[in-house]
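Hi everyone, thanks for coming. Today I'd like to walk you through one structure, and I'll take it slowly.

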Amino acid sequence: MRSEQEVNRAIEQYADMVRRLCMIHLKNDADTEDIFQTVFLKYVLHTGSFETEEHEKAWLIRVTINACKDLLKSVFYRRTVSMDEIPALPAEMPPEEKDILEAVLSLPQKYKDVVYLHFYEAYTAPQISRLLKKNVNTVYTLLTRSKQLLREKLGGDGYE
Amino acid sequence: MNDRLKQAFHNIRAEEALKNRTKAFLYHKTNGYTKKRTVPYHRLIPAIACFLLVMFGGYWLYFTPTVAISIDVNPSIELGVNRFDRVISVQGYNADGQTLADSLDIKYQSYTEAVNQILSNEAVTALLADNEVMTIGVIGSNDAQSAKILSEIQSCTAGEANTYCYYADSDEVKKAHEMGLSYGKYRAFVALQALDPAITVAEIQDMTMREIRDLMDSLSGQPDTETGGNHGFGRGQGHRRGAER
């Protein structure tokens, strides 16, 4: 089991990333809190060592995405939360950024992870393919298609 | 635009309250980070339940006597036989019986081996040679196993003099055990009491079967004769040559 200091350091370092991944998958704060508890409890109990910080980050991304997918797949969740609903974004967020995030969140589920990982975390398509265990060509296709969709939604041409 | 997308994501932050609640949850869940990783014992429950069922079921099947073999000369002993025809208990019903039981090594052997060992026991052969009477009772629930054992014992004792085989229902044996008698002695006691109501258990407990038979003969004024019925003595079908000499 990991020490309290190590876990608190990981929470401070990766909580924002986990929060963003939760935002693109989930609809409410209660589910986000569930995922936080699940992900960091797994981190506490994970006995393997991480070779690098990048390795640790990739592990947390995978665990978070899987935890979100598991929650979405649960029968209870399917019956109680509308899948089309878009989560509420912070009220104090500038309208232009809010529009961008709403455009991302309105994308079909399969595009959201690659958009976040590529545009925000700056992972390349091969890195994303390893992270998500998808074919690299599939990732390229998803990225191209998501750029087109965002361009259509936002009416701009700057998504390169 | 990429920068704007990045900036939009950047504005999404984990609230301090959420982080603190997560830290508190983990502290509580790990018992202050002292708890060792728990083994998921609940996953073992079905396996343990099956194991216990097999163990206790097997134990019950093996160690539940289905037939008792009561052997009386003067040593009175009773063998508990399970459904697999193995001797699972040997009990002496008087001092001689206890001595005989202690000298035998027949537990977990088949009942045929056990009966043969008793018949070839030095003390028993000496008694039989001295014209003592041996009764061997098969006490069961009138099932196929009891019938088979009775038949086997009859063939085992075919060459023995003064040996009687009989069958008795297990319900009748309870009374015998309540009186501290083996079933063979109990049957003799009941028959004797019919002739002399003053007779007590203590009086016959250490009498040999020959002495009991002789007493019955003297009380009834008749030589050793067999009584009919399902549980009467001497249904040994020719095994009592010595007794009638």
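Before my opening number, one term: accessible area here comes from the Shrake-Rupley method with a 1.4 Å probe. With that in hand, chain B exposes about 12,800 Å², and carbon and sulfur atoms supply 55% of that area. Please keep in mind that what you see is a predicted model.

Let's stay with chain B for a moment. What is chain B built from, in helices and strands? The count is 11 helices and five strands. Chain B has 245 residues, and 42% of them count as buried. Now take the contacts in chain B with a separation of 6 or more: 58% of those are between residues 24 or more positions apart.

Next, the place where the chains meet.

Between chain A and chain B we count six salt bridges, and nine residue pairs are in polar contact across the interface.

Now let's zoom in on some pairs. Over all chains, the whole structure has 13 salt bridges. One is between B:Lys19 and A:Glu12, where the closest N and O atoms are 3.1 Å apart. This pair crosses between chains: B:Lys19 sits in helix α2 (residues 16-29) of chain B, and A:Glu12 sits in helix α1 of chain A. Is B:Lys19 buried or exposed? B:Lys19 counts as buried because its relative accessible area is 6%, and the cut-off for buried is under 20%. Another bridge between the chains joins B:Glu15 to A:Arg19, with the closest N and O atoms 3.6 Å apart.

Some bridges stay within a chain. In chain A, the side chains of A:Lys73 and A:Asp70 meet in a salt bridge at 3.9 Å, N to O. How many residues apart are they in helix α3? They are three residues apart in helix α3 (residues 53-73), so about one helical turn separates them. A:Lys73 counts as exposed at 53% relative accessibility, while A:Asp70 is partly exposed at 45%.

For chain B, look at B:Asp85 and B:Lys148, whose side chains form a salt bridge at 2.6 Å, N to O. This pair links distant parts of the chain, 63 residues apart: B:Asp85 is in the loop between β2 (76-82) and β3 (87-92), and B:Lys148 is in helix α7 (residues 144-156). B:Asp85 counts as buried at 14% relative accessibility, whereas B:Lys148, at 41%, is partly exposed.

One last thing to find on the screen. Salt bridges that share partners join A:Glu12, B:Glu16, B:Lys19 and B:Lys23 into one network.

Note on methods. Residues are numbered from 1 along each chain as its sequence is written. Chains are lettered from A and ligands numbered from 1 in the order in which they are written. This is a predicted model: local features need pLDDT of at least 70, side-chain atom pairs count only at pLDDT 80 or more; totals for chains, interfaces and linings use all residues. Side-chain values use heavy atoms; hydrogens and water are left out. Helices (H or I, at least four residues) and strands (E, at least two) are DSSP runs, numbered from the N terminus. Buried means under 20% relative accessible area, exposed over 50%, partly exposed in between (1.4 Å probe, protein chains only). Contact means heavy atoms within 4.5 Å. A salt bridge is a side-chain nitrogen of Lys or Arg within 4 Å of a carboxyl oxygen of Asp or Glu. A polar contact is a pair of N or O atoms within 3.5 Å; within protein, one must be able to donate a hydrogen and the other to accept it, and residues adjacent in sequence count only if both atoms are side-chain atoms.
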